[in-house]
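These are my notebook entries on one protein structure. I record what I looked up and what I found.

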Amino acid sequence: MNKGILINAFFLLSAVFINQGYCQQILWANKVLGYSSENRPAQYGHAFRAKQILGIPNKLPDFGNSPCAWMPADPDGRNEEWIKVGFEKTIPLKQVAIAENFNPGAIARVYAYDESGKEFLISDASAGQLTVKGRMFRIFPKQQNILANAIKIVLQPSKVSGANQIDAIGISDGVQPIEAIINIAKGPLLKTKRENMGSAINSIGQEVAPIISPDGKTLFFTRGNFLGNVGTSETQDIWYSKLNEKNVWGQAVNMGPPLNNAADNAVTSISADGKTIYVINVYNPDGSMALGLSRCFQTKTGWSFPKEYKINNLRESITASNKGKQVESMETTVSPYGNVMIISVERSDTEGKKDLYVSFLQSDDSWSEPLHLGNVVNTADYEGTPFLALDNKTLYFSSHGHSGYGAGDLFLTRRLDDTWVNWSKPENLGPVINTPLWDAYFNVPATGEYAYFSASEKVSGQEDIFRVRLTPETRPDPVAIVTGTILEAETDKAVRSDLIAAFKKNNEVFTKATFDPETGEYRLILPLKDIYRITASEKGYFPFTEEIDLSKDTTLRNIRKNLYLQPIKAGQQIRLSSTMFAQSSAEVIRSSYAELDRIVTAMTDYPAMEILLEGHTDNQGEVQKNVKLAEDRVQQVKKYLLSKGIVAKRIQTKAWGPAKPIASNLTEQTRQKNRRVEFTILKI
């Protein structure tokens with residue numbers, strides 16, 4: 001029977017049961033109580049071990065060999081093998097389901113146990129070779145009133161040729177047949193279809209690993225089995241295509257040296273501003289390559305030579321886990337904000353094959369030792385091709401170890417907290433995207449409208465690049481795209497500058513960027529639901545801070561914002577943030593300390609600098625009270641500067657109250673601009 005029909009039929013029948021006032025209870029084993037043996041193919045990882053039988057099926061409804069199933073040590077042994085499992089609670093036993101994912105038919109006897117430990121033989125049949133590749137073996141006990149909390153199965157491996165594997169064991173208090181169900185992501189994905197990117201991008205060779213720039217206008221990918229590569233046709237090169245003004249992808253272009261050489265080359269991530277790309281491996285000056293990560297920077301003449309981006313204790317752990325085997329490559333995704341990286345790699349603490357790990361950028365510009373992402377995401381099989389979306393919490397990846405449709409499916413999971421090791425249950429992206437062949441390398445631009453991925457319509461090893469329109473449920477959370485230039489306030493001349501985006505609530509830096517007039521506008525991509533302070537700084541200029549409030553936004557925003565820097569010179573007047581004080585209060589809010597610290601830095605860099613602080617208010621209320629409030633505010637700012645070591649004689653103050661408005665006082669929004677503190681450089 002077709003799997004989709006089977007699953008839909010199950011949901012239909014389940015609905016009937018619910019409508020009749022009864023919801024069948026299904027429990028999957030949650031503890032191993034004992035076993036005769038387990039296969040241990042490696043000194044690390046947990047492939048084929050007894051614990052793999054726990055939880056929901058990882059292989060079914062598909063069938064085949066899987067390290068995410070229990071397998072006895074001797075595949076064709078003459079001795080009986082057994083395993084006993086327990087469940088979270090006791091239920092009236094009406095059904096037992098045993099997921100035989102590989103070489104079924106070896107089960108000879110099945111026992112049930114009640115809370116007292118009393119044993120009930122509920123199945124006793126001859127083991128023997130079957131013609132099917134796998135099955136869900138269901139038992140409906142003839143005995144009545146068994147209150148069970150444990151099941152034991154006994155196998156006779158010699159009766160079935162090859163390894164016997166058990167994916168999971170479930171029990172139920174109902175007779176509706178227990179099925180293994182793929183955890184498909186919500187949303188009407190079946191209403192769309194994937195589309196091949198066409199001959200401009202796909203060739204007779206292999207195209208994999210698409211990396212779409214955040215603005216959706218440049219597509220990097222890896223091409224193999226192709227005579228036009230820099231190395232041999234056996235190696236892989238980086239290619240790219242650009243979207244033209246007619247919304248058509250241009251003919252792919254080889255990136256050439258220094259990114260492409262005689263080895264395998266691939267882009268693995270791109271920064272939010274599109275001006276930094278991350279590539280696999282370390283590029284040595286002699287042309288050789290080593291395992292690791294490198295990055296390249298966009299310049300006015302092209303991409304720079306790849307420079308190593310060190311990951312601490314990466315090689316040591318791989319060498320230890322592989323015990324002398326040839327080291328495989330790793331796959332990575334660097335957060336678009338440049339401070340977190342997800343790595344697919346095989347280490348000594350892996351669950352099985354490659355697992356997903358997280359690494360954090362350190363103060364010395366290296367990456368921390370990889371930290372295991374946890375067993376909700378990772379299985380005893382392969383997890384790889386990670387992509388961390390621009391919302392900084394939605395992770396797409398390929399897995400062989402979660403229930404799916406074939407040789408490797410694409411999934412999504414969402415980060416639940418700031419530990420980076422707590423994730424939601426992975427959701428399969430469904431049969432429109434996933435096929436019986438290998439599907440991998442999901443990538444999404446800032447709009448979240450389309451996703452790009454690698455798949456095959458023929459045979460594995462001949463992958464192309466596809467795209468698919470996403471549903472709201474499968475998209476990352478929307479973001480804001482902030483672009484612009486940085487100019488000198490007096491001349492409108494573009495000024496190279498560093499940018500920092502920090503959360504207003506705690507001054508914690510969220511992301512950094514650089515504006516270089518030679519490489520184009522700056523671009524910041526900010527998740528919604530927060531208020532940010534964007535600060536531009538450059539030597540010789542006073543840092544400029546602009547507040548961006550995204551706390552109430554729910555959809556994609558494109559924000560154009562030019563920032564203006566004031567030269568540090570005598571006579572220069574600089575306005576501080578209008579949100580430095582609460583309404584009718586003189587107390588400086590804590591989140592404004594960072595802006596005041598920039599005054600301290602400037603006065604420290606210029607020891608002869610003297611300033612005038614001037615306080616202003618709106619026209620609401622009595623004039624004298626407003627003048628007093630303005631005086632109190634400038635005194636609070638002065639007090640803060642003094643606390644940081646600036647001597648009092650370098651600071652003068654003046655309170656104007658409502659006398660010098662810079663905006664209308666007719667609305668609260670414009671009045672806020674009048675509630676301000678300005679400082680003027682008197683001497684430098």
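**Entry 1: the whole chain.** I noted at the outset that the model is predicted. I looked up the secondary structure and found five helices and 44 strands in the protein chain. I then looked up the extent of the chain: its C-alpha atoms fill a box of roughly 100 × 60 × 45 Å along the principal axes. Of the 684 residues in the protein chain, 55% are buried. I also looked up the contacts between residues at least 6 apart in sequence, and 64% of them join residues at least 24 apart.

**Entry 2: cysteines.** How many disulfides does a search of the whole structure find? The search finds zero. Cys-23 counts as exposed because its relative accessibility is 56%, and exposed means over 50%. Cys-296 counts as buried because its relative accessibility is 0%, and the limit for buried is under 20%.

**Entry 3: Asn-164.** I located Asn-164 in the loop between strand S8 (147-155) and strand S9 (165-172). Is Asn-164 buried or exposed? Asn-164 has a relative accessible area of 3%, so it is buried. The side chain of Asn-164 reaches the backbone oxygen of Asn-103 at 3.2 Å. Leaving aside residues up to four places away in sequence, I found that Asn-164 touches several others, including Trp-70, Met-71, Phe-102, Asn-103 and Leu-155.

**Entry 4: Ser-172.** I found Ser-172 in strand S9. Ser-172 counts as buried because its relative accessibility is 0%. A polar atom of the Ser-172 side chain lies 3.0 Å from the backbone nitrogen of Gly-174. With residues up to four places away in sequence not counted, Ser-172 touches Gln-24, Ile-91, Leu-93 and Ile-178, among others.

**Entry 5: helices H3 and H4.** Two packed helices are described by the angle between their axes and the distance between the axes. H3 passes H4 in a right-handed crossing. Which residues make the contact? On H3 they are Tyr-593, Leu-596, Asp-597, Ile-599 and Val-600, and on H4 they are Val-637, Tyr-640 and Leu-641. I sorted the residues of this contact by type and recorded seven nonpolar, no polar and one charged.

Terms used: Residues numbered from 1 in each chain as written. Predicted model: local features only at pLDDT ≥ 70, side-chain atom pairs only at ≥ 80, totals over all residues. Heavy atoms only, no water. Left-handed = near helix turned anticlockwise from the far one by under 90°. Helix = DSSP H or I, 4+ residues; strand = E, 2+ residues; numbered from the N terminus. Contact = heavy atoms within 4.5 Å. Nonpolar A, V, L, I, M, F, W, Y, C, P; charged D, E, K, R; others polar. Disulfide = S-S within 2.5 Å. Buried < 20%, exposed > 50% of the residue type's maximum accessible area, 1.4 Å probe, protein only. Polar contact = N/O pair within 3.5 Å; in protein donor to acceptor, adjacent residues only side chain to side chain.
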